[in-house]
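I am opening a notebook on this structure. Entries follow in the order of looking.

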Amino acid sequence: MSDTVKKTLFVDGKEVEFNDEKNLLEVIRKAGFEVPTLCYRPELRSFGACRMCVVEIEGRGIQSSCTMPPEPNLKVHVNSEAVRKVRKSVLELLLANHNRECTMCPRSHNCELQALANKYEIREVKFPSREKLLPIDDSNPALVRDPNKCILCGACVRACSEYQGLEILGFTHRGSKTLVSPALGKKLGEVDCVYCGQCAAVCPTAAITIKSDVQRVREMIADKESTVVCQIAPSVRVAAGEEFGLKPGDNVIGKLAAALRMVGFDKVYDTNFAADVTIMEEGTEFIDRLTNGGVLPLFTSCCPAWIRYIETQHPELLPHVSTTRSPEAIFGSAIKDIAVNRDGFARDKYKIVSFMPCTSKKTECKRPEFAVDGIPDVDCVLTTQELVALIKGSGIDLKNVEPEELDMPFGLYTGAATIFGVSGGVAEAALRTVSEIVTGKPIENIDIKETRGLNRCKELTLELNGQKVKVVIVNTLREAEKMLQKVIDGTADFQMLEVMACPGGCVGGGGQPISCNNPVKKNQRAEGLYNEDSSLQYRKSHENPAVKKFYEEWFEKPGSHKAHELLHTSYINRFETCYKNTK
Amino acid sequence: MQSNELTIKAKQIEAAENVKKQGTRVLVCAGTGCVANGSLEVIKRLREAGVDVQTIQSQKMTVVPTGCHGFCEQGALMIIPDLHITYVRVKKEDVDEIIESIKTGVPVERLLYTDPKTHEKIKKNDDIAFYAKQHRTSLSNCGHINPEDINDAIAIRAYEALENCIRNMTQDEVIKIVLDSGLRGRGGAGFPTGRKWMFTKMAQSEKKYVVCNGDEGDPGAFMDRSVMEGDPHRLLEGMAIAGYAVGADEAYIYVRAEYPMAIKRLRIAIKQAEEHNLLGKNILGTGFNFTVHIKEGAGAFVCGEETALLASIEGERGMPRSKPPFPANKGLFGQPTLINNVETLANVPLILLNGSEWFSSMGTEKSKGTKTFALTGEVNNTGLIEVPMGTTLREVIFDIGGGIRNGKKFKAAQIGGPSGGCLTEEHLDLPLDYESLSKAGAMVGSGGLVVMNEDTCIVEVARFFMNFTQNESCGKCVPCREGTKNMLRILTNITRGKATMEDLDTLKELAENVKTGALCGLGKTAPNPVLSTLKYFYDEYVAHIKDKKCPAGVCTALKKIVIEKDLCKGCTKCARNCPVGAISGTVKQPHEIDQTKCIKCGVCLKNCPFKAIKEV
């Protein structure tokens with residue numbers, strides 16, 4: 001058969017062409033027809049469990065379209081009465097078993113089950129509800145699991161396995177007693193979870209949600225004796241707008257500055273400032289290791305899920321991890337230090353709140369290393385989703401807010417910093433600076449295209465003063481593990497490894513507005529960041545005037561004693577504790 | 001003994017000599033049923049008496065433990081082929097007498113089978129009604145050979161068909177014979193076996209697998225177990241032929257761990273076949289490789305579903321996935337895989353040996369060959385049977401099964417296990433084949449056949465099977481997981497008199513939605529018992545709901561025990577015996593039962609000296 005032959009099938013009588021779509025559902029949707037789904041996630045393996053995507057195929061009966069390979073000449077009916085009956089029955093059965101406290105549910109506004117129940121006009125449930133509610137598991141520092149809302153679609157199970165290779169969650173028990181749970185009935189706080197939040201990001205209901213700290217922030221703001229400042233991570237600015245009717249990738253940093261002042265923050269700063277500092281520290285560290293025979297490859301250290309992964313799964317590789325703290329942590333330690341020791345604030349009255357795309361950051365700020373005198377550097381981390389809740393809950397519609405400038409000097413940043421929010425961005429930012437420092441001249445092409453795109457694994461080789469430097473960039477820990485295996489078996493031929501645990505990097509973070517049915521949003525967010533990068537006056541971290549001043553006035557130089565004290569950290573072998581937990 | 005011969009003919013001569021040396025063979029069933037009835041004790045006693053080592057009056061005798069003879073009802077069973085004698089219900093105490101009888105040639109009368117109708121003693125196996133109507137082909141060796149000795153099998157032509165295939169036939173020729181025979185899958189769905197082979201052969205891949213589904217999970221079914229325990233070489237040969245035909249060099253037998261005897265005997269058989277170069281590398285010097293592994297299942301019913309079975313072999317949780325893609329294209333470890341059940345594969349060597357016409361001469365137009373059934377329930381002769389496809393239910397129950405126990409009336413037969421349906425009196429003359437059964441709302445299934453008499457509550461039967469599937473559902477797809485739960489709940493409510501007629505409508509609607517919506521065969525067939533009993537015994541459901549009565553008197557919640565005031569003398573015996581203190585009254589005055597406390601145990605009923613207590 002020739003490849004040029006046009007393959008078509010029929011959807012409700014309409015002839016539809018298909019090529020390499022992975023399943024019939026994709027073909028049908030591409031043709032503009034709507035098919036409901038609950039367990040289908042375009043980025044994950046088809047599971048075929050929820051039976052909502054069933055269609056009627058002439059001669060084949062009812063089939064789940066998400067698992068069916070497209071075949072020429074199929075005659076498909078997407079909304080026949082037989083199909084609707086199955087879907088309605090499924091919805092009714094799921095609703096019966098679902099804790100329907102919808103009015104108070106954190107996913108009330110974007111629950112897929114609720115949306116479909118409405119669409120299919122389910123007005124009564126003939127079957128009785130659960131007899132007894134199962135206990136809610138809030139043992140995890142970032143996530144809450146409510147089995148009473150779980151519809152067992154297995155999206156979280158697949159995400160944990162296919163993105164992170166961790167398989168923390170799995171199915172247990174049989175029949176109607178089936179549950180999604182960590183092995184051996186452990187709680188989510190007792191296992192090697194890296195808190196990436198991808199399970200929550202793919203959950204169609206509120207069975208796994210992000211632990212909300214919004215009220216804590218409101219209380220900080222309400223305390224008149226406290227000064228409350230905030231930092232906004234790069235990828236937050238290109239995603240938060242989605243929840244206010246703006247397009248993914250629309251940069252709303254100015255609107256956020258204005259809105260957060262309205263909410264009551266004393267200063268609105270930017271994590272990007274600290275990202276530039278990170279490049280100075282990590283770049284210096286990399287050059288030092290490269291020239292002085294240090295441990296290579298160097299692993300980036302921005303991603304807290306990745307750090308926890310290394311600490312729990314491969315502590316033997318900890319010397320590879322850059323000691324530079326993450327931008328978020330650097331912001332916390334440096335800015336609080338300046339506020340207390342230069343500007344005279346009382347440490348317990350100067351509060352820093354971080355707005356992050358990340359659920360794992362909620363745990364990073366609780367690490368005892370990131371505190372002085374028992375007072376944490378960052379007082380609270382809110383995810384993009386919580387940021388949206390904070391703004392909406394303050395009666396503000398971001399869409400209609402007039403943009404304002406960020407506060408200076410910690411609101412000044414370069415394009416190198418803003419691309420930290422996407423996989424490849426840290427490497428690109430580092431190379432812009434490292435290359436210039438090593439070779440003494442500016443990098444030829446500031447846009448390092450090989451680092452871009454949302455592929456799971458990218459690589460590039462640069463020549464720096466005759467020395468070849470190979471950089472590998474991965475996102476998802478499953479992909480990272482492959483590289484770690486190379487390091488372990490001695491076949492690693494690269495000098496730097498950038499890892500972001502979430503698919504696509506922070507643009508796909510577990511705390512971002514939910515986009516699992518529309519993965520292209522991640523590309524649009526990434527595009528928003530690259531657009532900002534190319535539009536900025538400064539595009540290399542070492543050119544940031546505020547950063548220069550920061551070193552001159554407070555930290556001397558990258559890698560200085562003080563920098564090591566406040567901008568670097570050490571890691572802990574957590575293999576033992578995990579082993580104990582899982583025993 | 002190991003044979004270095006490279007042809008089956010030579011091996012056969014050698015094996016026949018080995019068998020001949022055994023002299024008079026005393027076959028004792030060592031199938032699970034007879035073992036439960038003490039057959040191992042019988043074997044032990046025979047050996048203690050020196051049967052194996054001595055010649056008795058120049059006559060050499062050998063004890064041969066065999067697989068299941070089928071007539072489990074009458075175990076332990078013993079056959080002495082040389083003397084054409086079958087003994088039933090043999091106990092170890094009978095051994096000395098049996099040895100004596102072999103010497104004298106006079107049978108032990110009391111150990112012969114008594115025909116329940118004529119009360120005649122029957123000596124020969126084939127004359128027993130249970131066997132007379134049967135046509136044992138796939139089971140032909142079961143009970144007649146020692147499954148742990150490959151010589152027994154080779155002597156009666158085991159592996160002859162395999163040799164012929166790999167030496168003299170092309171893959172397509174083998175497939176054509178299977179196709180022409182009309183053999184269909186014996187595991188339940190009845191898909192034409194030859195076509196399955198063809199699809200797997202056509203799939204392009206370096207690596208292919210053959211998987212034998214031995215995960216027999218229907219309650220009361222033991223057909224596949226009997227083949228694996230009684231004639232493992234038949235199965236292995238069938239698998240090797242299939243492997244040759246589809247181009248696979250590696251195979252798995254998936255057996256549940258609850259079948260330890262089957263696993264043990266398969267392991268022995270694989271080892272012996274490898275020693276004889278009939279499995280493994282370069283079989284009989286032909287260059288054909290075929291390695292067989294055993295995978296023990298952990299006993300999940302759903303693992304009988306082929307995609308769940310594959311997942312289980314791969315080490316994953318036994319959860320089915322949607323088809324297509326079918327295993328023939330994408331199966332075990334992502335490679336094209338042929339999956340057949342035990343009985344299907346056990347038919348293969350015979351078809352290749354005797355020709356497709358031989359096989360297709362048995363059975364009906366679309367259902368060829370024979371089918372084994374595990375006959376259980378309220379029938380006189382329970383056991384393992386094999387009949388040509390198209391034999392009627394009446395022949396199975398009344399001729400082979402010897403009719404309903406204790407002269408009761410036949411009510412229904414559940415065929416095809418929890419996935420099957422109920423057949424009633426009107427179906428007694430229905431030919432048992434794929435099409436007829438499917439039309440009647442039942443299915444051949446793997447061959448479980450449970451016979452029920454008039455004392456059976458049909459709603460309770462439906463509830464029993466629903467409880468089974470609900471517990472065994474893998475929990476993956478919504479219709480099966482949640483649907484069976486709610487069907488079970490409604491059925492339970494009906495048996496407790498707590499359901500309404502609306503519930504009955506909901507039950508029916510739900511059953512149909514689960515049937516169309518579920519992901520795999522388990523879910524799609526789970527509503528069958530409900531739908532078929534609703535169809536044939538609707539009134540019985542209504543009686544439970546409207547009249548709050550169980551016509552068969554089974555559902556305890558619907559029973560009511562009352563004291564007739566006129567007959568009660570006030571002796572207080574009932575009140576004293578009642579375990580829950582539900583009866584009250586003063587001496588010499590009529591007593592009363594508090595219905596809210598009564599647990600319907602019936603103690604008062606049995607003990608009332610004046611027959612004043614009645615069940616209504």
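**Entry 1. One loop residue**

I started with Ala257(B), which counts as exposed because it has 11 C-beta neighbours inside 10 Å. The scale I used: buried means 20 or more other C-beta atoms within 10 Å of the residue's own, exposed means 12 or fewer, and partly exposed lies in between, with C-beta atoms placed from the backbone. Ala257(B) sits in the loop between strand 9 (250-256) and helix 12 (260-275) of chain B. Helices (H or I, at least four residues) and strands (E, at least two) are DSSP runs, numbered from the N terminus.

Which residues is Ala257(B) in contact with, leaving aside its neighbours within four places in sequence? I found Glu296(B), Gly297(B), Ala298(B) and Gly299(B). Contact here means that C-beta atoms, placed from the backbone, lie within 7 Å. For Glu296(B), the C-alpha to C-alpha distance from Ala257(B) is 5.2 Å, across 39 residues of sequence.

**Entry 2. Ground rules**

I noted that this is a predicted model, in which local features need pLDDT of at least 70 and side-chain atom pairs count only at pLDDT 80 or more, while totals for chains, interfaces and linings use all residues. Residues are numbered from 1 along each chain as its sequence is written, and chains are lettered from A and ligands numbered from 1 in the order in which they are written.

**Entry 3. Domains of chain B**

I looked up the domain assignment; such bounds come from an automatic or database source. For chain B it gives domain 1 (19-127), domain 2 (150-359), domain 3 (370-453), domain 4 (458-545) and domain 5 (559-615). The C-alpha centres of domain 2 and domain 4 of chain B are 34 Å apart. Their contact takes 13 residues from domain 2 of chain B and 8 residues from domain 4 of chain B. On the domain 2 side I read 8 nonpolar, 4 polar and 1 charged. The classes: Ala, Val, Leu, Ile, Met, Phe, Trp, Tyr, Cys and Pro are nonpolar, Asp, Glu, Lys and Arg are charged, and the others, Gly among them, are polar.

**Entry 4. Where the chains meet**

I found 26 residues of chain B in contact with 26 residues of chain A. On the chain B side, the elements giving two or more residues are helix 18 (458-472), helix 19 (478-495) and helix 20 (501-517). Helix 19 of chain B gives the most, with 7 residues. The chain B side divides into 8 nonpolar, 11 polar and 7 charged residues.

**Entry 5. Domains of chain A**

Chain A has domain 1 (7-79), domain 2 (92-210) and domain 3 (215-567). The C-alpha centres of domain 1 and domain 2 of chain A are 26 Å apart. I read 10 residues of domain 1 of chain A in contact with 12 residues of domain 2 of chain A. The domain 1 side holds 8 nonpolar, no polar and 2 charged residues.

**Entry 6. A sheet in chain A**

I traced an open sheet of 5 strands in chain A, in the order 2-1-5-3-4, with mixed pairing. Strands pair if DSSP finds at least two bridges between them. Strand 2 (14-18) and strand 4 (61-64) of chain A are at the edges with a single partner strand each, so one side of each has no neighbour in the sheet. The twist averages 40° from one strand to the next; angles run from 0 to 180 degrees between N-to-C directions, and axes are lines fitted to C-alpha atoms, for helices over the stretch in contact.

Strand 1 (residues 7-11) and strand 5 (residues 75-77) of chain A are parallel, over 2 bridges. Phe10(A) stands opposite Lys75(A) in strand 5 of chain A. Helix 2 (residues 81-96) of chain A packs on the sheet and touches strand 3 (54-57), strand 4 and strand 5 of chain A.

Which residues of helix 3 (residues 112-119) of chain A are buried? I listed Glu112(A), Leu113(A), Gln114(A), Leu116(A) and Ala117(A). Their cover includes helix 2 of chain A. Just after helix 3 of chain A, Glu121(A) has a positive phi of about 50°.

Strand 7 (residues 169-172) and strand 8 (residues 179-182) of chain A run antiparallel, joined by 4 bridges. Strand 7 and strand 8 of chain A form a hairpin with 6 residues between them. In the turn, His173(A) has a positive phi of about 60°.

Definitions and conventions
Two residues are in contact if their C-beta atoms, placed from the backbone, lie within 7 Å.
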